[in-house]
Amino acid sequence: MTKIVFLDRDTIGHAVTISRPSFPHEWVEYGKTPESEVTERIRDADIVITNKAPVREASIKAAPKLKMIAVAATGYDVIDLAFAKERGIVVSNVRGYAVNTVPEHTFALIFALRRSIVGFREDVIAGEWQRANQFCFFNHPIRDLANSTIGIFGGGTLGRSVARIAEALGMKVMFAGRKGASEVAQGYTPFETVLEEADIISLHMPLKPETRDLIGIEEFRKMKKHPLIINTARGGLVNEADLVTALNEGLIAGAGFDVLTREPPAADNPLLTVLDRPNVILTPHVAWASDEAMQALWAQVIGHVENFEKGTPSNVL
């Protein structure tokens with residue numbers, strides 16, 4: 001009987017129905033699996049499901065029956081993909097499930113920062129309204145999105161979805177070309193031009209060696225319009241220490257981040273020092289995690305497992 005081991009069920013919200021494959025199987029589920037315990041837990045598995053628990057070469061070597069790894073996420077950096085391929089193990093990921101939830105979270109951050117929602121809320125709690133002696137007060141900047149420019153880094157499904165929302169709000173959209181490219185594809189704007197002209201910069205691209213620290217202090221100093229920086233993609237795309245420097249020097253208007261280089265954050269993460277500022281919002285990597293999106297994600301995971309069992313694997317990496 002096929003043995004399926006799900007290594008980190010707690011990474012999927014508990015409102016989600018965790019359906020199981022229709023074919024006969026043994027199901028073993030763990031809430032969390034530390035990296036040190038992966039090898040033992042998958043030793044006799046035929047199929048492994050993981051979101052963030054890493055499945056590296058040593059663990060794969062110790063699992064002679066392993067035939068498939070189903071990644072309950074789009075990113076697959078937790079898998080030693082090259083070695084899995086060498087062993088003939090199918091690795092499938094999920095795609096397209098976040099087409100609504102990530103863009104909506106992106107704009108939740110944009111609206112909150114562009115209109116200073118956090119700052120005004122804190123002021124009201126602190127009694128500023130009561131002391132204002134008039135019907136309103138103006139402690140923070142309020143800017144419309146209409147007629148502003150958003151620079152989108154990443155032209156995939158999520159970037160395009162963000163662009164559609166932006167256009168509906170009357171914004172000008174620019175897709176950034178590759179950093180350092182001498183030419184840009186049709187429909188894209190040179191990287192440097194986007195840095196100079198965008199009122200808002202939103203990141204929607206994977207973390208690769210060539211995109212790590214895509215935006216650092218050199219790029220911040222080129223941002224003539226002091227934009228908001230929004231990152232709902234991957235930690236590491238923006239140099240976090242340089243981001244704090246940019247905030248301190250007024251090079252940017254604010255930052256809305258859902259991802260960090262290390263999650264949960266290390267105690268020395270520089271962003272933790274600025275969380276009390278009204279122009280900084282950090283959410284705990286939940287842009288992807290609407291109930292609807294997580295249920296769609298899980299449907300894909302089980303679909304890939306079913307398809308593999310039928311001999312027609314899907315979303316193979």
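User: In this predicted model, is Phe107 buried or exposed?

Analyst: Look at the relative accessible area of Phe107, which is 4%. Buried means under 20%. Phe107 is therefore buried.

User: How does Phe111 count by its relative accessibility?

Analyst: The relative accessibility of Phe111 is 36%. Values between 20% and 50% fall in the middle class. Phe111 therefore counts as partly exposed.

User: What separates Phe107 and Phe111 along helix H4?

Analyst: Helix H4 covers residues 101-114. Phe107 and Phe111 are four residues apart in this helix. That spacing is about one helical turn.

User: How many aromatic pairs does the structure hold, and are the planes of Phe107 and Phe111 stacked, edge-to-face or tilted?

Analyst: The structure holds eight aromatic pairs. The ring centres of Phe107 and Phe111 are 6.3 Å apart, with the planes at 50°. Stacked needs under 30 degrees and edge-to-face over 60, so the Phe107 and Phe111 pair is tilted.

User: Which residues do ring pairs link into a cluster?

Analyst: Here the rings are joined pair by pair into a cluster. Its members are Phe6, Trp27 and Trp298.

User: Which ring has the charged end of Arg160 over it?

Analyst: The charged end of Arg160 sits 4.0 Å from the centre of a ring. That ring belongs to Phe175.

User: How many charged residues are in the lining of the second largest pocket?

Analyst: The second largest pocket has a volume of about 390 Å³. Its lining has 19 residues, with Gly177 and Arg178 among those nearest its centre. By class, ten are nonpolar and four polar, and the charged residues number five.

How values were computed:
Residues numbered from 1 in each chain as written. Predicted model: local features only at pLDDT ≥ 70, side-chain atom pairs only at ≥ 80, totals over all residues. Heavy atoms only, no water. Phe/Tyr/Trp six-rings, centres within 6.5 Å; stacked < 30°, edge-to-face > 60°. Helix = DSSP H or I, 4+ residues; strand = E, 2+ residues; numbered from the N terminus. Buried < 20%, exposed > 50% of the residue type's maximum accessible area, 1.4 Å probe, protein only. Lys NZ or Arg CZ within 6 Å of the ring centre and 35° of its normal. 1 Å grid on protein atoms, 1.4 Å probe; cavity = no way out; pocket = protein on both sides within 12 Å on 5 of 7 lines; lining within 4 Å. Points joined across faces, edges and corners; volume = space filled by probe spheres on them. Nonpolar A, V, L, I, M, F, W, Y, C, P; charged D, E, K, R; others polar.
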